[in-house]
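Please consult the sequence and the model alongside the text.

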Amino acid sequence: MENKKDFFLECYKLGIIKFGKFTLKSGIESPFYVDLRPLASEPKILKSLASHLLSMVPQKDFNLICGVPYAALPMATAMSLESNIPLIIKRKEAKAYGTKKLIEGIYQKGQSCLLVEDIITSGKSLLETIPEIENKGVKVSDIVVVLDREQGGKAFLESKGYRVHTLFTITEVCEILRESHLLEEQEIIRIKDFLKGNPVKFEEKKRRSYEEKLKLTEHKAGKKILEIAIEKQSNLIASADVITTKELLDLADKVGPHIVALKTHIDVITDFDFDKTILPLKDIAKKHNFLLMEDRKFADIGSTQELQYSYGTYRISFWADLITSHMIAGSTSLNYFLNSGVVAIISMSSQGALTDAHYSEEALKVAQSHPSVIGGVSQKSLPEEMLHFTPGVSLSNKCDGKGQQYNTPEYIFKNLHTDFMIVGRGIYKAEDAEKAALSYKIEGWKAYSDSL
Ligand code: BMP
């Protein structure tokens, strides 16, 4: 039998617990929601669960097993198969015809039954079930439960004389998820507060407008991109992932009127020549009033980044208003990006990216500690004082078959409070790039305005 922690993480992958804002049956708002029914659809997990539940009690003490309908029925069945203890079935409602039995199966008066429940909250529904079994002369002394929500149910049943054995408590679950970097500290605090019986505050975070952000932004590149956004009524950054100077300049000129910045991967330009590529590109940027953002994703020590930024073929420091950088080398490594605003990579849009909650939290701390950082690239919400850039945006696709995952403008502006959306293939691969840029500009502005 694998250890409890590894077993829980296996179960967690099935989506059995969600964190956010949920209204329970009672009308109370809960910061988490548990549904263990998916466990029954994975035979290996169900079998393992049965062993874990059986290991909590002396099996020889029981002649029968019974699950509380419905979620615990497959669990009780699996436990019966594993232990050879016979199963009885409790109906939710008595049949309206025939025998009108509430308890089905073979049992005798005086036998002892182990009761199985998936989740215990207040314990009230268990207390309704138990007499229906006891009325048949079958004894109930022990109850095994997969998850205790720690809202008084265990103590309540114990006060009535029953022994309650819980496999996991919500506190244990939070600890396992925290250790595995799957749950943010803020959510754990909210859950603890909820368990103490305090009403949970889900503050509806109001997003800041570009005008509000402009007043608070100090970096000149941050100010500039916000001013352009307001002036052009655009939050669109076109990603020019094309491979020749001609394509780059043509695209820049076509989409220029609709964008706040053009994002480049300058190292993919096969015929790069500083004078023939960068100088005309700067002219086009000036003509249409947009910034140049080099998506270099720096990730080295300060001294090397200093060389990569100002020397070599591309001499990025001479022309890029914005650059992207990983935060992995720490705050001091960012000291040399003197001419550009830094956009920190906080989380990535690709499938299986290692930028989990822990990584993003740490990257955010580095980003917020450095005055050159104006914002971050992220697929999750960022603090409102930062500018938020989100790639992986498409009006028509969900993925690209190469690991990229797409969201819609509506989703990212409303749910993530994104400030700028980055669109690549949706524009440069379109039949008419200018028309596509205009559509994204309109959609992006509408989504932003609706999110205010
Ligand atoms: P596209 O819209 O064609 O999928 O392009 C997205 C652009 O954004 C690419 O240039 C990619 O390098 C960049 N990007 C991304 O897709 N996800 C990230 O997390 C970070 C990025 O910079």
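The model is predicted.

**Ligand site**

The ligand has 15 residues around it, and those that come nearest are Asp-241, Lys-297, Ser-349, Tyr-406 and Arg-425. By class, this shell divides into 5 nonpolar, 5 polar and 5 charged residues.

| Residue | Ligand atom | Distance |
|---|---|---|
| Arg-425 | oxygen | 2.7 Å |
| Gln-404 | oxygen | 2.8 Å |
| His-265 | oxygen | 2.9 Å |

Taken alone, the ligand exposes 470 Å², of which the protein buries 90%.

His-258 is found in the loop that runs between α10 (245-255) and β10 (261-264). Is His-258 buried or exposed? His-258 has a relative accessible area of 9% and is therefore buried, the limit being under 20%. Its side chain makes a polar contact of 3.1 Å with the side chain of Glu-434. Beyond the neighbours within four places in sequence, His-258 is in contact with Ser-234, Leu-236, Glu-434, Ala-437, Leu-438 and Lys-441. Glu-434 is accordingly one of these contacts as well as the partner in the polar contact.

Thr-418 lies in another loop, between α14 (409-415) and β16 (420-423). With a relative accessible area of 0%, Thr-418 is buried. A polar atom of the Thr-418 side chain lies 3.1 Å from the backbone oxygen of Ile-412. With neighbours within four places in sequence left aside, Thr-418 is in contact with Arg-207, His-388, Thr-390, Ile-412 and Phe-413.

**Strands**

An open sheet is formed by 6 strands in the order β5-β4-β3-β6-β7-β8, with mixed pairing. The strands β5 (103-104) and β8 (163-169) stand at the edges; each has a single partner strand, so one side of each is left without a neighbour in the sheet. Within this order, β3 (residues 64-67) and β4 (residues 87-90) pair in the parallel sense over 3 bridges. Gly-67 stands opposite Ile-89 in β4.

A further parallel pairing joins β13 (residues 341-345) to β14 over 4 bridges. In this pairing, Val-343 has Gly-375 of β14 as its bridge partner. Strand β14 (residues 373-377) is mostly covered, and 5 of its 5 residues are buried.

**Backbone details**

The peptide bond from Pro-69 to Tyr-70 is cis, with omega near -5 degrees. Tyr-70 is placed in the loop between β3 and α3 (72-83).

Which phi value does Gln-233 have? For Gln-233, phi is near 50 degrees, a positive value in a residue other than glycine. Gln-233 belongs to the loop between α9 (220-232) and β9 (236-240). Its relative accessibility of 44% means that Gln-233 counts as partly exposed.

His-417 also has a positive phi, of about 60 degrees, although it is not a glycine. His-417 has its place in the loop between α14 and β16, where Thr-418 also lies. His-417 is buried, with a relative accessible area of 12%.

Technical notes:
Residues numbered from 1 in each chain as written. Predicted model: local features only at pLDDT ≥ 70, side-chain atom pairs only at ≥ 80, totals over all residues. Heavy atoms only, no water. Near = heavy atom within 4 Å. Polar contact = N/O pair within 3.5 Å; in protein donor to acceptor, adjacent residues only side chain to side chain. Areas by Shrake-Rupley, 256 points an atom, 1.4 Å probe, with all protein chains shown as cover. Nonpolar A, V, L, I, M, F, W, Y, C, P; charged D, E, K, R; others polar. Helix = DSSP H or I, 4+ residues; strand = E, 2+ residues; numbered from the N terminus. Buried < 20%, exposed > 50% of the residue type's maximum accessible area, 1.4 Å probe, protein only. Contact = heavy atoms within 4.5 Å. Pairing = 2+ DSSP bridges.
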